[in-house]
Amino acid sequence: LGAGSNVVLPARVDRPVLLMQIRGLAVAAKDQHSARLEAAAGERWHDVVRFALGQGLGGLENLALIPGTAGAAPVQNIGAYGVEIASCLESLQVFDWQAGRIEVWPREACAFGYRDSVFKRPEGRGRIILGLSLALKHARTMVADYPDIALELNRFGISSPQPIDIAEAVIRVRRRKLPDPRRVGNVGSFFKNPLITAEQADRIASSMPDLVRYQQADGRVKLAAAQLIDRGGWRGRVRGSAAVWKRQALVLVNGSGAGRADVLDLAAAIQADVAARYGVTLELEPQVL
Ligand code: EPU
């Protein structure tokens, strides 16, 4: 377990739990243009982002303020505002506890996809990520075209943003839209954005002209699950002690003392509603134990 920020747990866990607490952050190599940053798995992810920014390194700024540890970040290939961690990962230090061996896995061995990696599948299950090697740049082409971020930069009159400007914009947007897990229990997005065929998307768009669609390189279309959920009137709805966050329909929150069943019941009701209205299956994003 890292920081436990993307898991839905039962009231009691009746087996041993290993808590990852290996610490360490260092610039391992650098030249005029780039640098390799080594982060141990138990570091808080946002501290890794801050460390990189402090060294004048770009690449991680869009991923500011994502809860959880560095070691957990590659498991679901964390992503936000147009960037995924896979784009900066050079390799991972991985412990194979069955073989009792530490290995170095290059990025290509990790089968990264949207919120997905080999570590979520049976082949990767017996592995524990110990550390990350991140390839970062001193000067970098920034990804600042995500609508929320572009608007935020514009509001502050920033036309050629540096990594720190983007990180600050991301932090402000996240604080406005997403509940702070230290105050209101939540795992961030509770569902993945669904990937569907272009024909399916056209069919939905015929009765919903403002359908948000992100074209994928493989021809599929990613929809905004939040929009589909929101259209069903779910945003802000309370069900027992679980609720849908008032400012982001993709986030479920534990109002007060909700258990695993309360949260999963609410999620199932949302899945059924979206399936009935659009024929789209919403997949859960957190790991449910
Ligand atoms: N929208 C609504 N209603 C809402 C919220 C959003 O209609 O309640 C619409 C927005 O207007 C926008 C679209 O849905 O057109 C997408 O919304 P947003 O930009 O907020 O992104 P998202 O698809 O809801 C994803 C990630 C987030 C990440 C943001 C920003 C997933 C599952 N979620 O959310 O990641 O921060 O993009 O990049 O991909 C997380 O994984 O825990 C997470 C928070």
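How far apart are the mean positions of the positive and negative charges of the chain? The 37 positive and 29 negative charges have mean positions 5 Å apart. Lys and Arg count as positive, Asp and Glu as negative; His and the chain ends are not counted. Each charge is placed at NZ of Lys, CZ of Arg, CG of Asp or CD of Glu.

This is a predicted model, in which local features need pLDDT of at least 70, side-chain atom pairs count only at pLDDT 80 or more, and totals for chains, interfaces and linings use all residues. Residues are numbered from 1 along each chain as its sequence is written, and side-chain values use heavy atoms, with hydrogens and water left out.

**View 1. The whole chain.** The chain has 7 helices and 16 strands. These are DSSP runs, numbered from the N terminus: helices are H or I of at least four residues, strands E of at least two. Along the principal axes, the C-alpha atoms fill a box of roughly 55 × 55 × 35 Å. Buried residues make up 44% of the 289. Buried means under 20% relative accessible area with a 1.4 Å probe, protein chains only.

**View 2. The largest nonpolar core.** This core has 41 residues. A nonpolar core joins buried Ala, Val, Leu, Ile, Met, Phe, Trp, Tyr and Cys through side-chain atoms within 4.5 Å. Trp45, Leu60, Ile85, Phe119, Leu132 and Leu134 have the most contacts inside it. At least two residues each come from β3 (34-40), α1 (45-54), β6 (89-96), β8 (127-137), α3 (147-155) and α4 (163-177). The most come from α4, with 6 residues. Another core, of 32 residues, lies apart; among them are Val8, Ala249, Ala258 and Ala267.

**View 3. Around Leu132.** Contact means heavy atoms within 4.5 Å. Leaving out residues up to four places away in sequence, Leu132 touches Leu37, Glu38, Ala39, Trp45, Ala70 and Gly71, among others. Its partners also include Pro74, Ile85, Leu89, Ser91 and Leu92.

**View 4. Helix α1.** In α1, 7 of the 10 residues are buried, so this helix is largely enclosed by the rest of the structure. They are Trp45, His46, Asp47, Val48, Val49, Ala52 and Leu53. These buried residues pack against β2 (25-30), β3, β8 and α4. Just after α1, Gly56 takes a positive phi of about 75°.

Conventions. Buried means under 20% relative accessible area, exposed over 50%, partly exposed in between (1.4 Å probe, protein chains only).
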